[in-house]
Amino acid sequence: MDWGTVAWIKRGSRRESVLKFLSKQNNPVSANDVKKQLKIAMSQASATLKELRTKGLVDCLNPKDKIGKIHKINNKGKSLMRGSNGWK
């Protein structure tokens, strides 16, 4: 378990919320899906997904596209969520 990454996620409630949302999805999601579900601004959804990608917790499935990027939690993100019991 990477406790430094866990602490980083916990310091940002939006990061935690987005990661939880992604962990419950069977299909890839867009920033717009995150925005609608969590009732946050599009800029917040996009920025949070970018942060999670940078930490290696989320994969962008169409990185060459400028708009409409879709994301899915990866194995590292899933493992982190399982190891933390999903921060219930």
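A residue is called buried when its relative accessible area is under 20%, exposed when it is over 50%, and partly exposed in between, with a 1.4 Å probe and protein chains only. By this scale Lys 39 is exposed, because its relative accessible area is 73%. The structure is a predicted model, in which local features need pLDDT of at least 70 and side-chain atom pairs count only at pLDDT 80 or more, while totals for chains, interfaces and linings use all residues. Residues are numbered from 1 along each chain as its sequence is written, and side-chain values use heavy atoms, without hydrogens and water.

**Individual residues**

- Lys 39 is placed in the loop between H3 and H4; helices (H or I, at least four residues) and strands (E, at least two) are DSSP runs, numbered from the N terminus.
- Lys 39 is not a glycine, yet it has a positive phi of about 55°. Most residues other than glycine have a negative phi.
- Helix H2 contains Lys 20, which counts as partly exposed because its relative accessibility is 24%.
- Ser 23 also lies in helix H2, and its relative accessibility of 34% makes it partly exposed.
- Cys 60 belongs to strand S2, residues 58–60; Cys 60 counts as buried because its relative accessibility is 16%.

**Distances between C-alpha atoms**

- Ser 23 and Met 81 are 58 residues apart in sequence, and their C-alpha atoms are 7.5 Å apart in space.
- Cys 60 and Trp 3 are 57 residues apart along the chain, and 24 Å separates their C-alpha atoms.
- Between the C-alpha atoms of Lys 20 and Ser 43, which are 23 residues apart along the chain, the separation is 19 Å.

- In soluble globular proteins, nonpolar side chains tend to be buried together.

**Charges and rings**

- The charged end of Arg 15 sits over the ring of Trp 8, at 4.2 Å from the ring centre. A charge sits over a ring if NZ of Lys or CZ of Arg is within 6 Å of the ring centre and within 35 degrees of the ring normal.
- The charged end of Lys 55 also sits over the ring of Trp 8, at 5.0 Å from its centre.

**The largest pocket**

- The largest pocket holds about 190 Å³ of space. On a 1 Å grid over the protein atoms alone, a pocket is an open set of points where a 1.4 Å probe fits, with protein on both sides within 12 Å along at least five of seven lines, and lining residues have an atom within 4 Å of a point.
- Residues lining the largest pocket include Ser 30, Met 42, Arg 53, Lys 66 and His 71.
- Helix H3 (31–38) and helix H4 (42–54) each supply at least two lining residues, and H4 gives the largest share, four residues.

Notes: Points joined across faces, edges and corners; volume = space filled by probe spheres on them.
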